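Hi everyone, thanks for coming. Let's have a look at this one together.

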Amino acid sequence: MGKIAKVIFVPILCCLIAGCTDMRILEDQGMIQAISYDMATKDKGSDIALIKVTAAIPLIQKDNLQKIIESTATSSKDARIEFSSQTDLELVNGQLRTVLFGKNIAKQGVINHFDTILRDPTIGLRSNIIIVNGNAAKMLAENYQEQEPTYEFLDRLIEKQVDENIIPDIDIFQFMRDVKDDGIDPVAPQFIQRKNHIDTDGVALFRGERYVTKIDASKGTLFSILNKKMINNGQLNFDWPASQQGDAEFAALDINNSRRHINVYSSPGSNQFTVDISIKVKGSITEYIGTKNLDNKKYRDGLGEKMAESLEKQTQELVIFTQKHSVDSIGIGKYVRNSISYNEWKNLDWRKVYPAIQVHCSAEVEIRDYGLIH
Amino acid sequence: MNEKLHSFHLAILIYLIQTGVTLFVLPAELAQNFGTNGWVAVIIGAALVYINIFLIGAVYRLGRGKSFFAIIEDGMPPMLSYTLYLLLTVLWSLIGCITAKQYIMVYQIITFQHTPGSLLKLGYDVLIYTLVIKGIYNIAKASTFIFSITVFLALLFFYFITDIELARYTPFLFKDGDGLLIGIFKTYIAFLGFELSILFFPYINKESKFFTSLIIGNLITTVVYVYTCLIIFGVFGYEYLKELIFPLLDFLSIIRLPIIERLENLLYALFALKVLITSVMFYWAATESAKRIFRNKSDKTLSFILIAFSYFISLIPDSLEQVRNWLDFLTRWEIGVTLFLPVICIILILLRSKGRKHADGKNC
Amino acid sequence: MGFFRKRYKKALLTKENQETQESVSLENTINQFRECSDLVHNALPELQVEYLYIENLVNEQKVKEYLVEPFDTIKFPDVSLILTEKRYKKTADSRSLYKGILNGEAAIFFKDEAYLVNLFGPETRPVNESGTETVITGPHESFNESAGQNISLLRRRIKSSHLKVYKVSVGKVTLTDVYLLYLENVANKDFVEKVKQRVESVETDGIFESTMLVQMIEENPYSFFPQFLTTERPDTASSKILEGKIVGITDGSPSAFIAPTSFFEFFNSPEDYYQRWAVATALRILRYSAFFITVFFTAFYVAVITFHYEMIPRTLLSTLLESRSRVPFPPLIEALVMEFTIELLREAGARLPTKIGQTIGIVGGIVIGQSAVQAGFTSNILIIAVAISAIASFVIPNYIMSASIRLVRFGLIILAGIWGNYGIILGIGLVLVHLSGMTNLGSSYLIPIAPISTADMKDILIRAPFSKLKTRPYQAQTRNPYRQKKK
């Protein structure tokens with residue numbers, strides 16, 4: 001035993017003598033919380049496209065404030081070198097939570113910038129990705145809440161919006177997975193900087209790694225219904241303007257549960273696919289403005305049908321919108337792939353086929369309750 | 001050594017020798033080599049291993065529990081058997097050592113990039129030494145606790161149930177893979193370790209249910225592999241998996257609990273104990289075999305010499321790539337050993353019993 | 001030290017040899033006890049009787065009854081007739097004569113013969129409530145320093161003739177009586193023999209405590225962990241006897257030791273059996289969690305703050321960052337200083353009288369709780385970590401085990417400060433390897449986990465309802481494994 005004790009203490013002493021360069025003592029770290037990528041304004045006469053990278057790190061002394069460091073460089077790796085000269089802290093990535101991309105840089109593809117992020121083992125794959133409609137650096141640099149640095153505010157904002165299914169829950173790992181999967185195109189939440197707050201701008205749609213377009217924030221929940229197999233939260237608003245059939249009506253549905261099914265019908269040998277998307281929404285009416293009296297069972301049933309009809313129309317529009325831009329953000333490709341043989345799928349140029357396929361959306365709305373009044 | 005291995009301990013010991021760092025790499029290798037639904041290949045690998053296990057079981061049955069060394073020494077000229085022992089000693093201690101080295105090097109990707117790996121390895125070797133000298137019975141006892149890590153991990157994986165999407169599995173089997181043959185080979189390697197059970201004969205009795213325990217041990221490994229790979233394939237999708245080197249690390253890093261995040265660090269450290277059993281058992285086997293050559297040396301001295309000697313050898317490979325090449329080379333030999341040892345044992349036993357029958361006949 | 005002891009032993013032995021050569025005589029006896037002022041020597045010349053006894057070892061009542069009344073007061077003419085009574089034992093051996101006197105017997109010299117009569121009965125502490133193992137429900141009696149009293153407490157609980165009480169004297173000078181109690185028809189004979197043999201072979205000048213004795217008979221004397229459960233409670237002791245284990249009682253010690261013991265028994269409290277099974281199970285889980293918290297919490301704090309900052313969740317980050325930013329020391333030093341302070345407080349509290357002990361508590365609470373943080377000496381999160389692990393360590397019912405665990409924790413904290421999580425796991429590995437190598441009377445210390453015994457799990461990790469606890473623990477290796485009627 002005495003021998004063992006010696007053997008135990010020798011390495012300990014060795015290490016103490018050697019000193020540990022790997023120590024990452026908490027307060028000495030400049031923990032990058034959010035990092036943003038933008039296109040820099042091009043110098044005149046220069047061809048090289050520069051990017052502007054900024055990082056937000058927490059400031060300890062002044063409560064709840066962030067320090068922004070920025071640099072302009074040809075690549076994100078160059079930027080890091082410039083970063084470290086701007087602070088006395090050791091810059092580390094382990095606490096990175098949000099990656100912001102300016103829309104203009106996202107249009108040129110994001111994978112290059114991802115290389116650093118994915119290769120770095122300290123970066124957690126749960127970091128959020130967001131697209132900023134405008135200047136990401138500027139959005140990150142400004143303060144919106146008195147008690148809270150922007151990176152934290154942003155983080156909480158994303159979390160809340162995701163909970164309500166207004167924007168998709170996209171982190172690095174999910175984004176990369178969808179980039180790699182040939183049956184789906186990635187999406188990302190998109191935000192915009194307003195005068196003194198940050199606003200949800202919608203869902204950014206990518207074709208491969210490149211930003212293409214966005215879906216408006218008001219359609220966010222609708223997109224979630226289509227994109228996810230099942231959601232348990234969210235709100236759908238239905239607005240019927242006055243017409244010959246009836247007066248103007250408005251109803252808000254709080255989703256308890258929504259399920260989506262995708263069925264693919266293909267005729268063998270041809271690239272003709274018919275896709276059925278059926279949606280079943282169960283929810284509670286939280287608001288109803290209209291002339292109809294919900295006392296009446298007939299009207300109540302009618303309301304559900306009307307909602308389903310409207311839902312069908314809206315989802316159909318959404319799918320057509322993605323087809324128009326040739327981005328399979330919903331992931332129909334996965335279902336098509338699973339309905340045909342491997343060789344057929346490999347010979348299929350899904351990107352070309354997708355805009356041409358027939359997609360039929362059907363919806364069913366079940367109203368669980370109408371709140372406390374009729 | 002009058003204590004015998006309980007069948008439960010025997011089973012989990014087999015399981016713990018088999019699993020190790022492989023679990024972190026396996027899903028990616030399956031995705032690369034088999035492509036879609038590569039996890040199915042684990043079952044094929046397991047089936048191959050079972051053939052091998054039957055061979056070992058046959059040795060036990062035919063030899064009536066006679067120890068492996070006794071079988072070899074009875075049937076082989078001493079020079080030949082000593083050469084064999086020397087080969088086994090070197091091979092097994094190197095495998096034990098390089099496995100540990102691989103573990104340390106992978107750990108250095110996550111943290112301790114600047115601490116010399118040799119120092120980390122030294123600390124680990126101390127642990128290995130303290131366990132090896134305690135003998136197989138105590139190794140088995142320690143492994144019971146280490147087994148609970150598996151249960152813990154298995155429960156943790158439930159975190160991902162919602163992330164699994166059935167459509168991501170694709171209905172295709174083994175499409176878009178690089179090489180089925182090399183894949184099968186690599187899957188088989190993932191199961192290596194069970195062959196050490198051929199040395200267990202003196203430490204077991206009827207109640208240990210040797211053969212059943214082996215089968216159950218291998219079954220646990222198979223289930224754990226299939227379970228892990230199945231979930232990882234469902235969460236990552238095979239195309240993304242192909243790009244990753246250590247998918248399980250990425251996988252664990254996704255877990256976010258209210259009081260703690262980025263569990264990969266802690267859990268990978270916890271795997272040190274799992275790898276420990278693998279290393280320790282190979283060192284133990286090497287010691288057993290070295291004991292037959294140097295009969296006058298004590299177990300402790302032999303273990304110490306083997307661990308110290310292989311420690312210095314382990315300083316040679318410098319990069320993870322090299323370590324992998326070494327391990328590839330060693331495991332190739334080990335596969336040979338795995339097949340060769342039971343077969344030679346069976347031949348020796350049969351020859352002997354034939355000879356004896358012959359002799360018996362003469363006597364009558 | 002060893003050398004010294006050996007020489008001492010030699011001296012002792014030679015002296016003893018001389019003693020045996022002496023014949024039984026009054027002069028020799030008086031000479032043997034010269035300068036012992038507590039020796040009472042009374043001579044009754046008309047009866048030719050002289051008697052000797054040690055004043056502080058005898059009971060006044062008995063002196064009156066066995067010596068004064070028959071010899072002094074009544075002056076019975078025929079002394080030899082009195083001495084034929086059973087309680088007067090004739091002794092021819094001078095050694096047993098001295099021993100008898102030292103054990104509280106009176107030596108009576110009549111003509112050339114010597115007789116012994118037992119007058120033993122010094123004042124003992126009454127049976128009190130246990131100071132270290134208190135329970136809320138259940139018997140409140142505890143052992144005291146008198147072995148006779150302790151055995152009586154056990155005898156009263158187990159009314160069986162199978163309960164054997166085997167006596168061994170330990171200590172060349174102290175001649176302490178050690179009693180081994182076991183149920184003859186239940187306890188494993190090998191174990192009984194082993195314990196007897198080990199206790200008998202203890203060679204030392206003296207022992208004063210069961211916890212001291214067990215350290216001389218255990219198999220892993222270098223281990224951090226106690227290997228025999230010690231208890232002050234007769235109910236625990238008698239339940240262990242029923243389980244088929246051996247209980248040792250040392251005269252002069254209020255604790256009994258139990259052999260063989262497994263690691264997990266240190267986490268059980270007798271109250272587990274007096275509570276409802278669900279509550280008891282919850283309590284056991286609480287205790288094992290307390291064990292984990294004690295061992296890992298501070299170490300983990302050090303590891304995370306020193307190496308693995310990425311493991312801190314967002315919600316905790318700013319709090320931790322802020323409180324750490326004012327601390328001038330590295331986390332390892334910070335943690336060690338705080339742990340050390342807590343240990344100081346604990347030790348001071350344990351040694352001081354209760355009234356001053358309270359002051360220590362208040363001073364410590366204020367100094368550590370507030371000033372240390374305000375002065376920027378430590379971070380408040382660490383205070384919480386250290387305090388919780390200290391409290392958790394006291395949840396472990398056995399004080400000796402809890403002290404061992406607290407010591408092991410320091411090792412883990414240092415390892416965590418050097419190698420972070422890897423260090424912690426390495427430390428756990430070492431402890432695990434050490435534990436799994438330990439044996440207790442030849443049976444594993446980690447029963448029922450290793451080797452596995454599923455039947456025992458019901459009463460170690462959880463406390464199943466009594467209807468499920470039909471067998472005696474596997475560790476006792478009893479011949480009579482069923483404690484309830486088989487159905």
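How many bridges join S1(C) to strand S2 of chain C? Six, and the two strands run antiparallel, with S2 covering residues 49-54. One bridge pairs C:Val40 with C:Tyr53 in S2(C). Strands here are DSSP runs of E with at least two residues, helices are runs of H or I with at least four, and both are numbered from the N terminus. Two strands pair if DSSP finds at least two bridges between them.

A word on the source: this is a predicted model, where local features need pLDDT of at least 70, side-chain atom pairs count only at pLDDT 80 or more, and totals for chains, interfaces and linings use all residues. Residues are numbered from 1 along each chain as its sequence is written, chains are lettered from A and ligands numbered from 1 in the order in which they are written, and side-chain values use heavy atoms, without hydrogens and water.

Back to chain C: five strands make an open antiparallel sheet, ordered S1-S2-S4-S5-S3. Strands S1 (39-44) and S3 (89-91) of chain C each have a single partner strand, so one side of each has no neighbour in the sheet.

Now the hairpin. Strands S6 (residues 163-170) and S7 (residues 176-183) of chain C run antiparallel, joined by eight bridges. C:Leu163 sits opposite C:Leu183 in S7(C). Five residues lie between the strands of this hairpin, where C:Gly171 has a positive phi near 100 degrees.

That's my tour, friends. Over to you!
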